[in-house]
Amino acid sequence: MGSLGSDAKLPWSKTPCVQSPQLSRIAGCNIYMKLDNLQPSGSFKSRGIGNLMTRAAATATGDVHFYCSSGGNAGLACATSAVALNKPATIVIPMTTSDLMKNKLLDLGVEVHQTGKNLAAADEYLRTELLSKDPQGVYVPPFDHPHVWDGASTIIPELRDQMDVPMDAIVCSVGGGGLFNGLMQGIESYPWSGCKPDVVCVETDGADSLNASLRAQSHITLPEITSIATSLGCSRVSAETWKWAQYPNTHSLVVSDADAAISCVRFADDARHLVEVSCGAALATVYRGDLRERLGRGMSDDEWAQKNIVLIVCGGSGVTLGILDQYVKEYAHQTAIKV
């Protein structure tokens with residue numbers, strides 16, 4: 001059983017975790033970078049989507065053809081995973097998708113359809129016009145599936161192997177919640193000699209569906225997404241995310257678009273990595289000073305300096321040097337973060 005051939009490769013990789021002297025100096029504690037921007041797709045989504053697709057191919061009774069509606073990193077993760085598994089894939093992108101992202105998909109050799117004014121319309125086209133007519137079709141969701149969370153959870157055993165110091169906290173950007181779900185699942189699956197790591201969830205204002213739900217004390221849906229961080233643009237987090245957010249070791253923060261954008265610019269200088277603005281949300285907690293305020297309140301400088309915090313550099317492919325230059329022009333005057 002299964003349609004995985006001998007030429008199939010694992011669609012994701014173990015990524016480095018390195019301490020950053022520059023970010024550590026700024027934060028006043030030890031900052032480690034988990035570089036999931038180095039995944040084959042350019043983002044952490046290779047883990048979850050790659051795991052889902054691998055399992056689907058391994059358990060299929062015949063051939064499979066993968067379908068994903070995404071104008072961003074989920075589509076790239078589906079495409080790179082399909083290449084690794086040597087399986088066909090069709091990605092449906094909305095008309096709002098940039099030529100940059102469309103061309104990245106085409107370069108991978110997958111079939112690309114561009115239709116619909118937004119992602120919902122593109123997804124409706126995929127389901128009604130393509131998937132429903134293909135008996136070998138497998139739908140690839142971007143974040144809300146247990147196999148996606150299982151894939152994201154592989155970050156935790158990697159970190160446990162890579163770090164020879166206690167892991168006090170993990171900081172991640174949150175959109176629909178797939179990454180956060182995986183991190184929490186991974187943390188809960190291991191015994192910890194001390195306290196479990198805290199997990200800090202970061203969203204941008206205008207894509208802050210988790211924070212808005214926590215403030216309302218109810219799992220709510222945002223009326224619209226107004227943030228430029230479209231990769232975080234999920235109007236309602238998954239039910240699993242809402243469940244995990246009730247745990248006492250979780251925290252929720254919101255940063256501005258300007259904070260996230262300029263953090264990407266600073267990160268390019270400090271760490272020599274280009275990441276998109278959705279990843280910049282998590283990075284902004286270092287440049288704004290949020291980590292000390294949220295995790296180190298009441299600690300002396302010496303106590304705080306001993307803390308070890310992991311930033312999930314989730315990556316994202318919607319970034320170029322030109323885009324970072326534009327961020328400086330548009331947003332440098334709107335944030336306290338200095339370029």
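At what angle do helix H3 (residues 73-85) and helix H4 (residues 99-107) pack, and how far apart are their axes? The answer is given in the second legend, after an overview.

**Figure 1. Overall fold of the predicted model.** In this predicted model, local features need pLDDT of at least 70 and side-chain atom pairs count only at pLDDT 80 or more, whereas totals for chains, interfaces and linings use all residues. Residues are numbered from 1 along each chain as its sequence is written, and side-chain values use heavy atoms, with hydrogens and water left out. The chain holds 15 helices and 10 strands, which are DSSP runs numbered from the N terminus (helices H or I, at least four residues; strands E, at least two). The C-alpha trace spans about 60 × 45 × 40 Å along its principal axes. Of the 339 residues, 56% are buried (under 20% relative accessible area; exposed is over 50% and partly exposed in between, with a 1.4 Å probe and protein chains only).

**Figure 2. Packing of helices H3 and H4.** The two helices pack at an angle of about 10°, and their axes are 9 Å apart. Axes are lines fitted to C-alpha atoms, for helices over the stretch in contact, and angles run from 0 to 180 degrees between N-to-C directions. H3 and H4 are therefore roughly parallel to each other (angles under 35 degrees). On the H3 side the contact (heavy atoms within 4.5 Å) is made by Asn73, Gly75, Leu76 and Ala79, and on the H4 side by Met101, Lys104 and Leu105. These residues divide into four nonpolar, two polar and one charged; Ala, Val, Leu, Ile, Met, Phe, Trp, Tyr, Cys and Pro count as nonpolar, Asp, Glu, Lys and Arg as charged, and the others, Gly among them, as polar.

**Figure 3. Surroundings of Gln19.** Strand E1 (residues 17-19) contains Gln19, which is partly exposed with a relative accessible area of 39%. Leaving aside neighbours within four places in sequence, Gln19 is in contact with Ser24, Asn30, Ile31 and Tyr32. Met33 is 14 residues from Gln19 in sequence, and their C-alpha atoms are 6.1 Å apart.

**Figure 4. Surroundings of Arg294.** Arg294 belongs to helix H13 (residues 290-295) and is partly exposed, its relative accessible area being 35%. Beyond neighbours within four places in sequence, Arg294 is in contact with His251, Ser252 and Leu253. Between Arg294 and Thr320, 26 residues apart in sequence, the C-alpha to C-alpha distance is 32 Å.

Notes. Angles under 35 degrees count as roughly parallel, over 145 as roughly antiparallel, 65 to 115 as roughly perpendicular and the rest as oblique.
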